[in-house]
Amino acid sequence: MKSGVFADYKIFAGNAHPELAEEIAGIMGRTLGKATVSKFSDGEVSVSLWETVRGLDTYIIQPTCDPVNDNLMELCIMIDAVKRASAGRINAVVPYYGYARQDRKAKARDPITAKLVADIISTAGADRVVTMDLHASQIQGYFNIPVDHLKGMPILVKYFREKDLDDLVIVSPDHGSVSRARSMAHPFDVPIAIIDKRRPKANVSEIMNIIGDIEGKNCILVDDMIDTAGTICNAANAMVAMGAKDVYAAATHPILSGPALERIEASVIKEMILLNTIPIPPEKMLSKIKVLSVAPLFAEAMIRIFTNDSISRLFDE
């Protein structure tokens, strides 16, 4: 791991989320570095850098969202390109870390793909990873390089504070998100509730019970990602059936795959607040969906990395 004081830094971006990269660079008072990320006719990724990075602190912004494999290869090849161009330090800025759900052996002969991807990024030449709201915090331990794990929760908390909802309860859509729900409940000093569900197969969930008092309450369902939206929509519908007042949903990563949009539109969710770690095309912007930007937080974190300042202080209350 390279460390020390660097004379300057440059920011590059792949094709996964150029809008977010440009927003981050703009906040930092920079323009994106000149690079071409394209494909050969057979689908191989081609990367060309058009400016020097020798001895510089280099940031590559690339969430590994859909198409996950293409974006992951772009990230790794860009890392290799700046490494071979003698960059001083290579920081992989991955707002959404794909394959994070495959973080353990849930049954015999399962791969642990979150660890594999960590190894691939490290082997490509990254000296540091900057990411947000990993599906499981322990994934940080899969890397043998520093990981700055940013939290999207303060952005969501600020939004809901401005809404000033009364009789509020924060709800975890499953047992895995309980700590996330507690983190959001703490600033409001409100109770939490937990959805007891089972998942008979991937992307399918069934609500079994609701633990906690939600009757007549405004409820915020909190999760790290919305994929097919089955869990969050089933939970919201069950909560209203059990007497909840209004149900809001909040999540960091808007994957929104498969039947997600139809489910969200048909659900009782009043408003869904998402962060822009993943690009949401205009055709997916339902009236229920509101998107908040993570660019100011990533920009501040990247500046602090460059100046060797504390990242954790960003989240001190």
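1. A cavity is a set of grid points, taken over the protein atoms alone, where a 1.4 Å probe fits but cannot get out. The structure, which is a predicted model, holds one cavity of 30 Å³ or more. The volume of the largest cavity is about 30 Å³. Its lining is made up of Tyr96, Tyr97, Ala100, Met132, Asp133, Leu134, His135, Met225 and His253.

2. Five strands form an open sheet in the order S1-S4-S5-S6-S7, and their pairing is parallel. Strand S1 (9-13) and strand S7 (147-150) stand at the edges; each has a single partner strand, so one side of each is left without a neighbour in the sheet. From one strand to the next, the twist averages 20 degrees.

3. Two of the pairings may be followed residue by residue. S1 and S4 are joined in the parallel sense over five bridges, and the bridge partner of tyrosine 9 in S4 is aspartate 57. Strand S5 (residues 89-94) pairs with strand S6 (residues 128-132), also in the parallel sense, over four bridges. Here asparagine 91 has arginine 128 as its bridge partner in S6.

4. Helix H8 (residues 295-306) lies across S1, strand S4 (57-61), S5, S6 and S7. Relative to S6, helix H8 runs at about 155 degrees.

5. Helix H4 (residues 153-163) has several buried residues, namely Met153, Ile155, Leu156, Val157, Tyr159 and Phe160. What covers them includes helix H5 (178-188) and H8, together with strand S11 (218-226), strand S12 (247-254), strand S13 (271-275) and strand S14 (289-292). After H4 comes aspartate 164, whose phi is positive, near 55 degrees.

6. How many disulfides does the model contain? The count comes to zero. A disulfide requires a pair of cysteine sulfur atoms within 2.5 Å. The sulfur of cysteine 76 has its closest cysteine sulfur in cysteine 65, at 14 Å, which is too far for a bond. For cysteine 219, the closest cysteine sulfur is that of cysteine 233, at 15 Å, again too far for a bond. Cysteine 76 counts as buried because its relative accessibility is 8%, under the 20% limit for that class. Cysteine 219 is also buried, with a relative accessible area of 0%.

7. The last point concerns a loop residue. Threonine 31 lies in the loop between helix H1 (18-27) and strand S2 (35-39). Is threonine 31 buried or exposed? At 69% relative accessibility, threonine 31 counts as exposed, since the exposed class begins over 50%. Threonine 31 and glycine 55 are 24 residues apart in sequence, and their C-alpha atoms are 19 Å apart in space.

Definitions and conventions
Residues numbered from 1 in each chain as written. Predicted model: local features only at pLDDT ≥ 70, side-chain atom pairs only at ≥ 80, totals over all residues. Heavy atoms only, no water. Buried < 20%, exposed > 50% of the residue type's maximum accessible area, 1.4 Å probe, protein only. Pairing = 2+ DSSP bridges. Helix = DSSP H or I, 4+ residues; strand = E, 2+ residues; numbered from the N terminus. Axes fitted to C-alpha atoms, helices over the stretch in contact; angles between N-to-C directions. Contact = heavy atoms within 4.5 Å. 1 Å grid on protein atoms, 1.4 Å probe; cavity = no way out; pocket = protein on both sides within 12 Å on 5 of 7 lines; lining within 4 Å. Points joined across faces, edges and corners; volume = space filled by probe spheres on them.
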